[in-house]
Amino acid sequence: MAPAATSQVLLSPAELSFLHSSLLLQPPVRPDGRAPNQFRPLVAETDILPGANGSARICFPDGTEAIVGIKAEVEKSQWRANLSEDGAHLGTGGGDVEMEEDGGKPQEEASSHGNGEMSWIELSIEIPGFRDDDPLPIFLAAMLSEGLLAGEELKDRLWINRRFHWKLYIDILLLSPPLSYPLPLLSLTTHLALLSSRIPKLKSEQDEDPLFDDDWEASLYLYPKLPTGKRIDRPPITLLVMAVGSNIIFDPSKEELAVAEAVLAVSVRESQRRENDTSGRRLNLLSIRSVDSPSRLTPSGVPNTMNTATGGSAPVSSQDAVAQRESIDQKGVWNPPRGGVKRALITRIIKLVLEPNGVAQEVMDGLNGVEV
Amino acid sequence: MPREAEPSLNEREFIHQALREQTRIDGRALDAFRELRLQFGDERGVVDVRLGKTRVIARISAEVVAPYPDRKFDGIFTITTEFSPMASPAFEVGRYTSDEIILSRILEKAIRRSSAIDTESLCIIAGLKCFFIRADVHIIDHDGGLVDASCIAVMTALQHFRRPDVSVEGENVTIYSLREREPVPLSMLHHPLCITFSYYDSGEIVLVDANRLEEQTREGEVIIAMNMHGEVCQISKFGGTPVDALVLLNCTNVALKKVQTITKFIQRQLEEDMRKRDVGGLMAELSAENER
Amino acid sequence: MPLDTSTYALSLLRLDGRRWNELRRIHAQISTQAAADGSAYLEMGNTKVICTVSGPSEGRRGQGQGGEGGKARIEVEVNLAGFAGVERKKRARGDRRIAELQHTLTQAYTSTLLTHLYPHSTILITLHILSLDGSLLAATLNAATLALIDAGIPMSNYLVACTAGSTSFEESDNADPLLDLNGQEEQELPFVTVGILGDGDKVSVLVMESRVQMSRLETMLVVAVDGCKRVREILDGVVREHGRNMVEGAVG
């Protein structure tokens with residue numbers, strides 16, 4: 001899945017080759033002078049839209065910018081027969097809840113667990129110049145919602161009672177043309193928007209028609225805050241990682257992507273912890289996907305041996321050209337990368353992402369600073 | 001995609017020059033409509049409108065459907081427009097030009113949103129059954145003034161149309177066929193019509209009912225929908241060269257006069273058609289409608 | 001009419017506490033997007049719009065290169081975000097209302113910009129509506145004007161827009177005009193959107209979608225034109241402020 005827009009980096013084979021070899025150095029030299037695991041500085045703000053339950057805006061220095069707005073609406077749940085063990089006898093009508101009034105409280109606590117449904121979260125991505133059904137937005141939306149739906153917690157928090165639930169609409173808007181692969185930008189913005197999302201406090205009890213507290217001050221965070229100001233858990237983030245040779249580079253810019261040998265999208269999440277748990281945070285890997293790198297579509301350079309102007313002999317046929325290229329491994333001549341990634345490399349990437357005080361942790365901590 | 005031929009510079013200059021001398025290329029006065037002809041079909045609710053060379057056919061149909069869940073007490077009324085390649089080589093099937101969007105939006109605003117039809121009267125049983133009135137507008141020949149002609153066509157067709165009579169007893173609905181009971185006219189709240197003004201020289205020269213050539217050479221247009229009681233239902237001036245606010249206000253006065261004449265003309269034609277249909281004067285006896 | 005607008009007659013204060021001739025807060029910024037050739041962010045009350053302009057540039061392939069007759073072609077894309085309204089609503093592409101809005105903006109700027117300076121090129125105006133509370137057309141026009149100024153595309157004058165309404169549909173004597181309607185008022189009352197070019201009385205855009213007595217129109221127009229002049233002053237202030245900052249930034 002080559003995102004069409006990112007493959008339009010207009011670099012000559014010589015430039016690509018230069019980029020590639022400087023990224024191969026130990027340590028790699030990146031065009032903008034960053035360390036391999038350093039992210040680009042970004043501007044972020046949350047709660048920018050008064051009309052949404054949660055919203056965030058992130059702006060990268062290259063001008064790509066995204067806004068995410070989250071809206072929650074109360075929706076009637078589809079009646080399900082196997083709602084819970086005791087759901088069957090009062091499933092016929094929601095009105096007769098009174099009969100289990102005394103035992104109600106603890107049950108309510110328990111019943112929100114595991115009742116969340118995938119369809120309660122809807123995610124859509126708008127990218128200028130793309131239609132809704134173009135592969136890029138659909139692919140990105142799939143990757144982002146995959147991470148969100150992986151855990152039970154978020155879905156379960158949308159449960160109101162047996163008859164109603166919140167439907168969460170996550171609308172992601174890319175304001176600029178997709179200059180670099182927009183996945184990390186969109187993921188970070190969604191992360192922030194979810195953190196800032198609040199839903200009104202429920203006033204009604206049990207299976208009544210839900211009634212909410214008008215006071216927005218009393219509303220609850222979708223990702224609850226502990227009294228200490230820390231969160232019990234946080235939404236997942238998806239990072240873009242690329243590899244050149246044995247070098248692993250985080251948050252690649254579009255020029256770097258043009259020479260990537262492998263590009264991976266890694267989703268991680270902080271595991272849920274108890275209130276009194278003081279041990280360090282643990283990160284879980286949610287998903288890992290390989291992204292087809294745009295470097296495969298770049299034009300290859302012509303080595304001197306194949307160039308008649310420099311005394312070489314031009315290949316007779318295209319097969320001949322491929323065969324000749326295969327045998328040359330000349331430095332300074334750009335050859336688009338082929339083949340896959342070594343398993344050991346993927347292991348190293350995962351390790352780098354997940355290790356304590358690793359990259360993902362650093363990003364999460366960085367986003368913590370933006371918080372409301 | 002086929003493109004319409006653009007008038008040449010000479011043609012443009014000629015038209016402008018003539019207009020500055022208060023002359024239109026077809027010899028009309030600046031505020032004169034082309035000849036309007038209405039022809040009714042055998043069926044009720046079919047009208048063929050000719051405005052000069054422009055020709056538009058409107059057809060109204062009704063069926064019984066369930067109303068929208070959020071509008072339980074209202075019937076449904078829609079207007080669809082169709083540009084066929086027959087009208088002009090520039091029209092293509094399946095491709096939406098801005099002309100088409102504008103036409104459908106203006107008709108929507110002028111007729112539907114101004115509630116020319118009393119949609120509540122189309123409701124049979126609240127939330128369960130209602131009439132779905134559909135107006136189909138077909139552009140047969142395009143020589144300018146599409147909005148005006150289409151609006152006349154839809155409004156005339158709506159007044160010409162008769163829907164089947166119904167009776168409700170509890171939950172039972174009986175829809176009477178044409179033989180059983182005389183069908184009833186739609187209940188109309190007012191009769192809006194659209195008048196398009198084309199202007200030249202930043203509003204110095206204002207024309208009514210421009211033909212295609214004049215449309216292509218104009219600087220801008222203002223479409224005003226009004227009814228004969230002087231209520232403005234919609235004004236659209238989508239950009240174009242700016243004109244003085246006074247000119248626009250003046251347009252509404254002219255539009256009122258035009259709307260009044262055209263409404264009267266439509267009324268006369270409808271009455272004439274009624275007389276033709278009412279062979280032997282049986283209509284009054286067969287009618288199930290009560291005098292109010 | 002479900003909304004109770006009748007209290008106006010007693011207090012002469014509108015639902016949001018304004019008097020009849022008060023504009024909502026207008027806040028505007030220029031050059032908000034680094035990636036675009038020109039950009040602007042505009043708030044009119046709770047209506048929030050981001051506009052980016054790219055071009056003049058070579059047109060997108062397959063759509064014919066640029067405009068006809070040696071003029072630049074103007075394309076407008078309006079995107080109404082799903083979270084913009086009170087209820088979350090996803091609009092299908094090809095929504096007629098949005099299409100009409102795009103058409104209006106295209107037409108308005110085709111006659112305002114000096115398009116003959118950029119033959120065979122395309123100017124793309126993209127508008128994102130983040131929050132919607134009335135005056136949609138007016139806000140998009142104002143935002144696009146600022147973004148086009150930021151992009152440095154020559155235009156004959158500021159094209160600014162504003163809405164005005166009337167407290168009554170009928171021809172009664174005690175109806176008052178209202179300036180700059182919010183979303184609730186727009187649903188209940190007749191209103192016009194007027195776009196003015198420059199500081200005269202030259203009306204470039206005039207759109208009215210509600211049914212109203214002819215005699216009401218004149219007062220509504222006058223109030224809207226007056227509102228446009230005030231909007232123009234505010235926008236002009238924003239542009240000058242931005243220019244000053246740029247000059248100072250370049251010197252210091």
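**Close-ups of a predicted model**

**View 1. Where chain C meets chain A.** In this predicted model, 21 residues of chain C are in contact with 24 residues of chain A. On the chain C side, the elements that put in two or more residues are the strands β3 (47-57), β4 (73-80) and β5 (122-131). Of these, β5(C) gives the most, with four residues. As for the make-up of chain C's side, we get eight nonpolar, eight polar and five charged residues.

**View 2. The largest nonpolar core.** This one takes in 223 residues. The residues with the most contacts inside it are B:Ala153 and B:Val154 from chain B, plus C:Ile125 and C:Val194 from chain C. Look to chain C for the top contributor: helix α3 (residues 136-150) hands over 11 residues.

**View 3. Zooming in on B:Val154.** Skip the neighbours within four places in sequence, and B:Val154 is still in contact with B:Ala58, B:Ile79, B:Leu107, B:Ile111, B:Ala135 and B:Val137.

**View 4. A:Pro236, a loop residue.** A:Pro236 sits in the loop between β7 (220-221) and β8 (237-244) of chain A. Buried or exposed? A:Pro236 counts as buried, because it has 27 C-beta neighbours inside 10 Å, and the cut-off for that label is 20 or more.

**View 5. Who A:Pro236 touches.** Leaving out residues up to four places away in sequence, A:Pro236 touches A:Gly147, A:Leu148 and A:Ala150, then A:Ser267, A:Val268 and A:Arg269, and also A:Leu286.

Key: Residues are numbered from 1 along each chain as its sequence is written. Chains are lettered from A and ligands numbered from 1 in the order in which they are written. This is a predicted model: local features need pLDDT of at least 70, side-chain atom pairs count only at pLDDT 80 or more; totals for chains, interfaces and linings use all residues. A nonpolar core is a set of buried Ala, Val, Leu, Ile, Met, Phe, Trp, Tyr and Cys residues joined through C-beta atoms within 7 Å. A residue is buried if 20 or more other C-beta atoms lie within 10 Å of its own, exposed if 12 or fewer, and partly exposed in between; C-beta atoms are placed from the backbone. Two residues are in contact if their C-beta atoms, placed from the backbone, lie within 7 Å. Ala, Val, Leu, Ile, Met, Phe, Trp, Tyr, Cys and Pro count as nonpolar, Asp, Glu, Lys and Arg as charged, and the others, Gly among them, as polar.
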